[in-house]
Structures are given as C-alpha cells and as structure tokens.
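Hi everyone, thanks for making time. Let me put the structure up, and then we can walk through it together.

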Amino acid sequence: LGCDMFDSASYILYAKDNRYMHSNGTARLEDLSYLPCQCPICTTYSIKELFYMDKDSRTLEIAKHNLYILKAEVDAVKQAIMDGRLWEYVMQKAHAHPKLMEAMELFKTFEYLEEGTPIFKEKAVFLYDPIDQYRPEVKRFRNIVSTYASLKNKERKLILYPDSDIHPFYSTGVFFQLIKKFPDAQICTYNPFFGIIPSEISDIFPAAHNLSCKKPTNHTHPKNYPSFIESLDRFIVNNNFEEIIIIADNFMRQVVDDNFYNNIPTIKKLNPKVYDYDYNIITEL
Ligand SMILES: [Zn+2]
C-alpha cells in the first residue's frame, strides 16, 4: 500500500500509568535513573521534572515519548527488512525476555515464513543459535539437498569435510586436494545449521553467504540440531553410499560419538572412517 499502519493505544495507556516505553519493553518512571532516549521530550526534561509535573502534563509528555519509541521501532523493522535481516532483528528482540525466546519455538513450524523470504539476498545471513537452523533460507537449502542426486556414480563414496568461512567450497585449495585424491567420490562439507552441503551446489544462497560462530558453545551439540541429523541421514539413503570418510570437527565428533551414533543406524551401518580435523589431515587420508 505504500503506507505503514499500526493500531496501538498502548502509548497513552502506559503513559497514564507512568510507564515509559523503551526499545525492549516498558519501565515505570519512578524506577528509572536515566532516560535512555534522545527524543525531544527526553532531552528537554529530567526524570525529576517529569515526575513532579501535574498528572495530565506528565501523561501527555510520556505519551509523546512513547510515540517516538513506536515510530523508531517501525523504522527499525523497515530497515531490517531492507537489509534482509528481519530474522536477526526478531531474534535480537526475543533475547530481551526468556518468555519471548520460548515463543520463538513456534517459528520452527511456520512454513509461511518462507513465502515472503527472497530466494537471494544481498547480505550474508548470520547464524548464532540452534533456532537459526529453522530460518527460512536455511530450511530452503536443506530442502534442495534432500532431493539432491549425486552425479558421482562410479564409486558410492562420500567424503565429509567441515564447512569454513571460505565459500564456495569448490573454489578452495582443500577441495582441490580432495578431488585430486578422490576423483570419483561425492565431496561435501557439513555445517550444524545447513546439514550436508554438496560441493557442486556450495555456491547456492545462503550456503556460500553466511557467517556463524565456529567456536563450540554449550549449545553446539548434535542433539540441538535435529535437522542436521535428518539431512545427513537422508543424503546417505538417497544416494546409496557404501563408504564414508569423515573429517570430524568437534561437532561431528559428537555425532559419531557412540552414545549419539546409535540413534543414526544409517551411518553406523556403513561404519565410516573418521579422522579428527587437522590442517594437514588430507595428506594422511
Ligand atoms: Zn524519549
């Protein structure tokens, strides 16, 4: 429509109750030590001056401030959409309260989010937490891989190598080393968020257009990434691999750890050769 509309009586209802809106919620005026805002109201009055105003004037001034906050929020959302970073923005907001993060669980099954998500974005997607495995761009990529048929028919051999920040994988020195050593094998990288990334399509958005924290955290355990296990399992079944060589980073080491492994019979049955990731590992394969 070319216009922004929202329905809100909150700015005045909060103002009547001395509640001052800020970017992550509201606070009672009497609980504030500072006014964390640069709007005309907050740069004109101190908290004390607002507090000792007569009730009607104070309500009016807080209501004006609250409207400035709402306008800033609408602008921030619009800018996030323009930047292709609405998901990141919503997640930042959700981190303001544990109950909001709980609500984010619903996003896992909101299929319609994909309908409004562009196929390609100018900017890389940022991936932080397990919930990001469900963002529409990443789900879309996993769906592509779920029907991927390997062109390497001679050997039913799969090589799995950890994803890095250098993309696409087929342009890296590591890939050239691997393809020289295993010309008939299907070479893929893997990443907790994306699952399996066949080298032939490692340039598709956002497999080559993302940044994630590669340092393991408490959340970086395969049990928090069921979509990874599903992707790996399906890729092996679809392509009838008979042999797997895994260069395992910390994450993959936990996948192939006995306790976890037993839940993925497809992989266990093939008895993969697993090597711990090391810069020179390819020379030892
Ligand atoms: Zn203000």
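In what kind of crossing does H7 pass H9? The crossing is left-handed, a term used when the near helix is turned anticlockwise from the far one by less than a right angle, with right-handed meaning clockwise. Before going on, the ground rules: this is a predicted model, where local features need pLDDT of at least 70 and side-chain atom pairs count only at pLDDT 80 or more, while totals for chains, interfaces and linings use all residues. Residues are numbered from 1 along each chain as its sequence is written, and side-chain values use heavy atoms, leaving out hydrogens and water.

Back to our helices, which are DSSP runs (H or I, at least four residues) numbered from the N terminus. H7 covers residues 136–146 and H9 covers residues 226–239. They pack at an angle of about 20°, with axes 9 Å apart; the angle runs from 0 to 180 degrees between N-to-C directions, and the axes are lines fitted to C-alpha atoms over the stretch in contact. That makes H7 roughly parallel to H9, a label for angles under 35 degrees.

Now zoom out. The chain is divided into domain 1 (10–82) and domain 2 (125–284), with bounds from an automatic or database domain assignment. Their C-alpha centres lie 49 Å apart.

How is the lining of the largest cavity split by class? It has four nonpolar, no polar and four charged residues. Here Ala, Val, Leu, Ile, Met, Phe, Trp, Tyr, Cys and Pro count as nonpolar, Asp, Glu, Lys and Arg as charged, and the others, Gly among them, as polar.

Note on methods: Helix = DSSP H or I, 4+ residues; strand = E, 2+ residues; numbered from the N terminus. Parallel < 35°, antiparallel > 145°, perpendicular 65-115°, else oblique.
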